[in-house]
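Work through the exercises below with the model open. Each task is followed by a solution in steps.

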Amino acid sequence: MTADDLLLGAAVLLGASVQRLTGIGFALVAAPVLALLVGPAQGVLVANCASGAVSALGLCEGWRRVRTASMVPLVLAAACTVPAGAWVADRLPRNVLLTAVGTAVAAAVLLVACGVRVAALRGRGGAVAAGAAGGFLNASAGVGGPALSLYAVNARWPMREFVPNAQFYGVLVNLSSVAVKGLPRLPAPVWLLLAAGVGGGALAGRLLGDRIPERRARQLVLGLALAGALAVLAKGLLG
């Protein structure tokens with residue numbers, strides 16, 4: 001097992017703990033590292049698999065708080081745009097995709113950090129718009145969570161309700177992305193490392209949930225995500 005494999009496992013562990021804690025954030029934290037280590041296309045696939053698995057683990061506990069009526073238009077709209085996102089990711093050159101991943105993550109981080117409120121992201125129309133954007137970004141860059149986060153900010157969902165709904169969204173949208181694009185091509189030992197990272201991160205996020213103030217956890221997530229996004233963006237621009 002190489003140092004790169006261990007770094008990949010550490011990125012998955014950190015991303016999984018963040019997502020279990022906040023409902024989103026796996027790709028915001030881990031996708032830049034995954035893109036650098038296994039390439040942008042495979043990195044997005046790994047992010048889809050791991051993010052979906054973490055969401056499923058969290059949903060086992062919080063499924064009773066899922067707003068099914070609100071989530072159906074989000075999920076259906078996302079499912080419609082996942083194929084388009086996969087098509088774009090499959091045809092863009094590596095440097096262009098690295099630049100796109102870095103830009104998408106950085107823009108999403110800044111929007112979420114600023115608490116942007118958009119009238120168009122309210123009601124059923126807002127749910128469809130956010131779901132469509134999330135599905136496309138999830139399949140192409142692995143970062144569908146921020147679109148849902150922006151919708152939730154505009155809908156004024158409290159954190160207690162946002163987390164299980166984000167997990168519900170994460171399970172279905174990441175499953176759609178994997179169904180369209182297939183599983184990543186990784187050696188068996190790396191799969192075991194990913195599984196350990198997902199399980200360990202989910203457990204750590206659950207244990208930290210009652211100990212870390214929401215504001216502090218949010219600042220940590222956004223800071224790590226922005227740093228990673230800028231690193232990937234620089235690599236894409238420099239070729």
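**Exercise 1.** In this predicted model, find which backbone atom the side chain of Thr81 reaches, and at what distance.

Solution. 
- Step 1. Locate the residue: Thr81 belongs to helix α4.
- Step 2. List the contacts, leaving out residues up to four places away in sequence: Thr81 touches Gly131, Ala132, Gly135 and Phe136.
- Step 3. Classify Thr81 as buried or exposed. Its relative accessible area is 18%, and the cut-off for buried is under 20%, so Thr81 is buried.

**Exercise 2.** Determine which residues touch the most other members of the largest nonpolar core, and which elements supply it.

Solution. 
- Step 1. The core has 18 residues, of which Met71, Leu74, Leu148, Phe162 and Tyr169 touch the most other members.
- Step 2. Two or more residues come from each of α4, α6 (123–141), α7 (145–155) and α8. The most come from α8, which gives five.
- Step 3. Take Leu74 as a case: beyond four places in sequence, Leu74 touches Ala127, Ala130, Gly131, Leu148, Tyr151 and Tyr169.
- Step 4. Another core, of 15 residues, lies apart from the one above; Ala16, Leu34, Val46 and Leu186 are among its members.

**Exercise 3.** Describe the second largest pocket by volume, lining elements and residue classes.

Solution. 
- Step 1. The volume of the second largest pocket is about 200 Å³.
- Step 2. Elements giving two or more residues to its lining are α3 (40–62), α4 (68–91) and α8 (159–181).
- Step 3. The lining residues include Trp87, Asp90, Lys181 and Arg185.
- Step 4. By class, the lining has eight nonpolar, one polar and three charged residues.

Technical notes: Residues are numbered from 1 along each chain as its sequence is written. This is a predicted model: local features need pLDDT of at least 70, side-chain atom pairs count only at pLDDT 80 or more; totals for chains, interfaces and linings use all residues. Side-chain values use heavy atoms; hydrogens and water are left out. On a 1 Å grid over the protein atoms alone, a cavity is a set of points where a 1.4 Å probe fits but cannot get out, and a pocket is an open set with protein on both sides within 12 Å along at least five of seven lines; lining residues have an atom within 4 Å of a point. Grid points are joined across faces, edges and corners, and a volume is the space filled by probe spheres set on the points. Helices (H or I, at least four residues) and strands (E, at least two) are DSSP runs, numbered from the N terminus. Ala, Val, Leu, Ile, Met, Phe, Trp, Tyr, Cys and Pro count as nonpolar, Asp, Glu, Lys and Arg as charged, and the others, Gly among them, as polar. Buried means under 20% relative accessible area, exposed over 50%, partly exposed in between (1.4 Å probe, protein chains only). A polar contact is a pair of N or O atoms within 3.5 Å; within protein, one must be able to donate a hydrogen and the other to accept it, and residues adjacent in sequence count only if both atoms are side-chain atoms. Contact means heavy atoms within 4.5 Å. A nonpolar core is a set of buried Ala, Val, Leu, Ile, Met, Phe, Trp, Tyr and Cys residues joined through side-chain atoms within 4.5 Å.
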